[in-house]
Each structure stands twice: as C-alpha cells, then as structure tokens.
Amino acid sequence: VEKTVDVAVIGSGGAGLAAAIAALDKGASTLVLEKFPVIGGNTVRTGGQINAADPEWQHQFKAIHGERATLEKIYNTPEDEIAEEYREDFRALKEELDQYFKDLDEGKSYLFDSIHLHTIQTYIGGKRMDLDGNEIHSDIELIHYLTKNALPTIDWLKEKGVTFDEHMVAEPVGALWRRAREPQASEGFGYIDPLTTYIEDHGGQIMTDTKADRFIVEDGKIVGIQATGRYDQKVTIHVNKGVVIATGGFGANIEMIKKYDNYWGNLPESIPTTNSPALTGDGIEMGQEVGADVVGMGFVQLMPSADPITGNIFSGIDCPPSDFIFVNKEGKRFVDEYASRDVLAKALFDQGGVIYNISDAEIAKTRFNSTDEQLANDVKKGACFKADTLEDLAKQLDIDPAVFVKTIEDYNSYVDQGYDEEFQKGAFNHKVIVPPFYATPRSPATHHTMGGLKIDAQTRVLNTQGQAIEGLYAAGEVAGGVHAGNRLGGNALADIFVFGKLAGQNAAE
Ligand code: ADP
C-alpha cells in the first residue's frame, strides 16, 4: 500500500483526532494511522473531565468547605518558592484573591477561578524532585498556551460536535480545583465519536490496524512514514507537509516505565494499569530514532484510586475527591483525600497498597461513569462492598466496627464544622449518613506518563541541540514538559485537545 497526503497523524486518541480536524480545516488532505482495530486510545477510557478556567460559568456555583483554606495556602506561599518566570502570574493571582477574600468576608459565596490560578496550580502541582535531587517544573510557555487556550478549545470542540454537561462543575481526583466540564455522552466516547464523524464527513481518512514503525527522512526533513498493515503488508505514506505524532504515553509498558523511573524507585512489576495495552511509547522511540530529545521521562503518574485487580478507575464509586473518604485496613483515615495524585499514591503504598473509599447513598449519586446496574454488578462480583449500616460494612471489610464508626463520625463532624482538624482536607462536601453505605477497594495503578518528546510552544519536536526537526510535530501524552513531575486531574484532556489542534494547524502550513 502506498499513499501520498499533506498531513499524516499517528494515533487516533484525542490529540490525533484534534490534529486531523485542524489540518482538514486548513484544506490539507489528512490521514490518521491507528495501530489498534478501534479508534480512541486512552482517551475513551477517561472520565471525560476537561479543565478550563471559565470564571463567568464557575461564579454561578457556591464555594464549598475547605476551598478558601486551599486558596489561602497558595496565597501564603513565599515568593522565593515560586520559580522566577512564574512570579508575574503569582502576583496577579494574589491581587485577584485579595478581591475574592473580601467578597467572601462580605458574605458572597461563589466558586473562584482564573487563568492565573490554573497556571499557578499546574506549576505547583507539577514541581517535583527526582530521586537524584534534581527539581523539575513545567515549561512556562507550554503552560501559558494550555491555560489560555483551554476555554477557546472547548468552544472549538463544541463547533466540532462535542456537547458538554454544564449544570455542575466537575472535578477528577488530584485536580486540586473545580474547573472541569464533562461531555454529555458517556466518558471519552463523548469526544471520540463526534470528532471521528467530523473527520469522516470532511474527507479525512482513518486507517485502523496500521502501525507506524519509522519515519522516512530526506535531508533532515520528515517526508513520510513506514508502517505495517493488518495482514503484515508494508504501508508507505508520503507526506507533503507535516507529520503529527499523537501516539500517547507508555503507561502500559512496565518495562519502559521501570527503565526511566526516577521518582518512585521500586515499582512492583505487577502493578495494575488504567491504560489501553496500546500505550507502549512507540512514538517516543520513533522520535528518538530521528534525533528527537526527551524530557521528564522519569516521572510516571500513578492513579491512586483504581481497582486493585483490574486497574479500572470507575469500578464501585469514583466520585469527586471532595467526597472521597479513604480508610485503611484498621478503619482509620490517613491522608487529605483532596491532595495531588502522587501524594495520594505514596500514602496508599504506606498503607500497604489497598484501601477503601467510603461513600453513602448521597455521595453515590455524585459518582462518574457508572449506572445503577454497573454498581450492582460491581457489588455482586466483589469490586465494591455495600451494607445498610456502617457496622455491617466494617464487618464485611474485616475492620473493627467501633473504630470504623468513630472514623466516620469524626469525618462527619468536620463537615459540620467546615474544617478537617486531622488532615486539613482541601475541599469537602457531603457527610456519610444516608444508607446504603459503600466501600470501594482502591490501589495505585500506572496511569499517565508525564515525560515524552521535547516540544516547543508550537508543538515542533526538538532535537538534542534544541532545533526543530523539520516536518515533525507532537501533541498529547507523547509530548513531555507540560506537566513536569505530576499532572493535575482534568489537565490531560485540556492538553491533548489544545496542543492536538495546534499541531494539526502547524503541520498543515
Ligand atoms: P492522547 O491522549 O495523547 O491523544 P491516546 O492514548 O488517547 O493519546 O491515543 C493514542 C493512540 O495512538 C492509541 O489509539 C494508540 O493505539 C495509537 N498508537 C500508539 N502507537 C501507535 C503506532 N505505532 N502506530 C499507530 N498508532 C499508534
């Protein structure tokens, strides 16, 4: 098989489809290669929550317990702990917060947000130290591009057929703030289905079961892709304008994770993954073969709230983190459940790996991506425990009922007083009072690889000398530098669509 197109995109997750649409809209003939039989990659497995600061929308919602303290903590961060290039954003944020705190004092209650807060939280949320003692933080140009373009990109997605549920502000685990929308249709399919339809309606081609193997290079410029088709036939793609690598991360490749890991140290070989088995880091290796540089490869995100056996994020009850109540095998809480994903994963490892997330009937209503039938089925197969009393739930978990009931009563009293005196939980909402009660077993699973191909703020792939490789762009999880050492929940979908769109536009130039 031999084809010639203006733009070729490798990978049909959110980043790849966004790139293909942007290229088609510029009049480029466009082809997407997908190694799996199905379209959508890891993007279809997400809860669908996409972050964007949209104060006008968020201001309609009330503030909840703990949020003011969370903002005060950021406000009171000493300026010398903020990298120099982020200080202008930090000062601007503090001015906005002066006004917000005044409003709260005057009795106005609303959910605050701004591009400055999103920027500073992404920066602080990602600033980490590797095991050699080197600090890493996000590239400010990438973060600015992300936080400023998140909302316009949501509007662009709407134009392409994605519909959002805007009746509440959603928030996945480790988001550190409420600023996400969810698509109306189920999870990641709410994006992938309409975007695929748009591509097909506008003359784009998607070849599934076709795996990109290597680039064809002429005079230092990427001019094509060598791939393998469904029946092992040779597929050669000649490219007139540009190639976008959108192959996702390497979360399903434990060997590669362990080779680069410079944060966790001793990850168990048997750790579950939330990933599609397709996510093996192909695009990173293909890029490296043509001289591309990589950044942040030592940082792998573990999803703290996954099923201990299957890695499924949505088994049992997965609710907003403000409604998480994590209890260990002694029946005690042990962490601020609103913390970042790496902090939670470390805390879970310290408890022996498996803990329970406790919910009542009201919290159960806030859960993501699970119908009543699915929940009942999870209870039946033991992926979630259910009981009419807290005592009975404790017995099912082999926990001392007296200890467990005291833990829940204490938690409920923190909700009443608006302050968690034990763990200073960053935001919280419901008490645990309405039966039936649920306990969902949770453990860390490999989830997102922050590291990847080094790109500039135009998504051009850079070589080890810092120069752009002609004709080569990368977007989505395959690219590094955006999230540094820890990605905020809800930032991945913003990232893949914002940068996917940009990569497609640029590749079509
Ligand atoms: P992102 O979130 O960055 O868009 P996803 O994980 O959603 O990434 O999608 C990545 C897609 O790339 C998956 O569908 C995966 O099967 C595909 N892919 C990975 N490697 C290759 C390859 N070598 N050739 C073609 N497609 C690939």
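Which polar backbone atom lies 2.9 Å from a nitrogen atom of the ligand? In this predicted model, in which residues are numbered from 1 along each chain as its sequence is written, local features require pLDDT of at least 70 and side-chain atom pairs pLDDT 80 or more, while totals for chains, interfaces and linings use all residues. Side-chain values rest on heavy atoms, with hydrogens and water left out.

The backbone atom in question belongs to Ala212. The protein covers 98% of the 580 Å² of accessible area that the ligand has on its own (Shrake-Rupley method, 1.4 Å probe). An oxygen atom of the ligand is 3.2 Å from a polar backbone atom of Gly14, and a backbone N or O atom of Gly41 lies 3.3 Å from a ligand oxygen atom; polar contacts are pairs of N or O atoms within 3.5 Å. The ligand is surrounded by 25 residues (a heavy atom within 4 Å), the closest being Ala15, Glu34, Thr43, Asp282 and Glu477.

Across the whole structure, 16 aromatic pairs are found (Phe, Tyr or six-membered Trp rings with centres within 6.5 Å; planes under 30 degrees apart are stacked, over 60 edge-to-face, the rest tilted). The ring centres of Phe164 and Tyr191 are 5.9 Å apart with planes at 65°, so this pair is edge-to-face. Both Phe164 and Tyr191 are buried (under 20% relative accessible area, 1.4 Å probe, protein chains only). Tyr263 and Phe299 form a tilted pair, because their planes meet at 45°, with centres 5.5 Å apart. Tyr263 counts as buried at 9% relative accessibility, as does Phe299 at 4%.

Definitions and conventions
Polar contact = N/O pair within 3.5 Å; in protein donor to acceptor, adjacent residues only side chain to side chain. Buried < 20%, exposed > 50% of the residue type's maximum accessible area, 1.4 Å probe, protein only.
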